[in-house]
Amino acid sequence: MRSLILLASASLCFVVTAAEAAPPSSFNAAKRIAEQQVYFDQDTSFYCDCKFDFDTGPSLEACGYEIRKQPARASRIEWEHVMPAYDFGRQRQCWIEDGRDNCRRTDEVFRRAEADLHNLVPAIGEVNGDRSNMRFAMVNDPVHEYGACQVAVSFQERAFQPPPHRLGDIARIYWYMRDTYDISISRQQQQLFEAWDRMDPIDAWELERNRRIAAIQGTGNPHVEPLEASDALVAQPTAPLFQSTHQESFSCDERKTCEQMDSCD
């Protein structure tokens, strides 16, 4: 299945322009796009660093993961909202009136936030389920519930402590969501994220992820890279996200649609 997706994607040849770039139309669409166009060459889960395949799930034994309670969810990869839907939804009237499903039906801003690729990461399903809408925090007397996975959860305090190498990523994603959708963050959380931002600097994959998402949906995260740099990726030709195995020399020149192509490297 994965090879078929890559092969189909490799046949596309176009230049992303500001007019063409657009956010996914729904959360379901965002999950497909994230798998096929952002994480197509990535195989490590966000919190636990477990190798995975989107079709067969994570390799739990290889990474020392121990199932806490939910073997079915632990055996699959799910798309985690780093800022939970509860956090960006509960401040909107649609959520106050009738919850998440109502927001999906009636609120365009909520639908955009729920489908925003910057806020989605691949996580082991059990960890995603346990985290739910817990706040990020430093947990008192942390207990690692999942074996070698460096995540600590306090179900009593409803607090979730991520591993050290994800602290900055989370802070910068939260700030992006705060600024883009006018979401309030408590002073305590803001101070925590400022510390996490310093403790875990931007790395190469975070930069590349931001650039791929900016090229797809037309918005970059300025807390990862200046807006000018991200915007340039939307307006300029980009390197192909998928590499074709076809070696015949071919130039796309002025051809912009699949029907006009015989081949595209």
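Biologist: Why is the packing of helix H2 (residues 27–38) against helix H11 (residues 204–217) called oblique?

Modeller: In this predicted model, which is numbered from 1 along each chain, local features need pLDDT of at least 70 and side-chain atom pairs 80 or more, while totals for chains, interfaces and linings use all residues. Side-chain values use heavy atoms, leaving out hydrogens and water. The axes of H2 and H11 lie 11 Å apart, at an angle of about 120 degrees. Angles under 35 degrees are roughly parallel, over 145 roughly antiparallel, 65 to 115 roughly perpendicular and the rest oblique, so H2 is oblique to H11.

Biologist: What makes residues of H2 and H11 count as meeting?

Modeller: Contact requires heavy atoms within 4.5 Å. Ile33, Gln37 and Val38 of H2 meet Trp205, Arg209, Arg212, Ile213 and Ile216 of H11. By class, this contact has 5 nonpolar, 1 polar and 2 charged residues.

Biologist: How do you know that the side chains of Glu225 and Arg211 form a polar contact?

Modeller: A polar contact is a pair of N or O atoms within 3.5 Å, where within protein one must be able to donate a hydrogen and the other to accept it, and sequence neighbours count only through side-chain atoms on both sides. The side chains of Glu225 and Arg211 are joined at 2.7 Å.

How values were computed: Axes are lines fitted to C-alpha atoms, for helices over the stretch in contact, and angles run from 0 to 180 degrees between N-to-C directions. Helices (H or I, at least four residues) and strands (E, at least two) are DSSP runs, numbered from the N terminus. Ala, Val, Leu, Ile, Met, Phe, Trp, Tyr, Cys and Pro count as nonpolar, Asp, Glu, Lys and Arg as charged, and the others, Gly among them, as polar.
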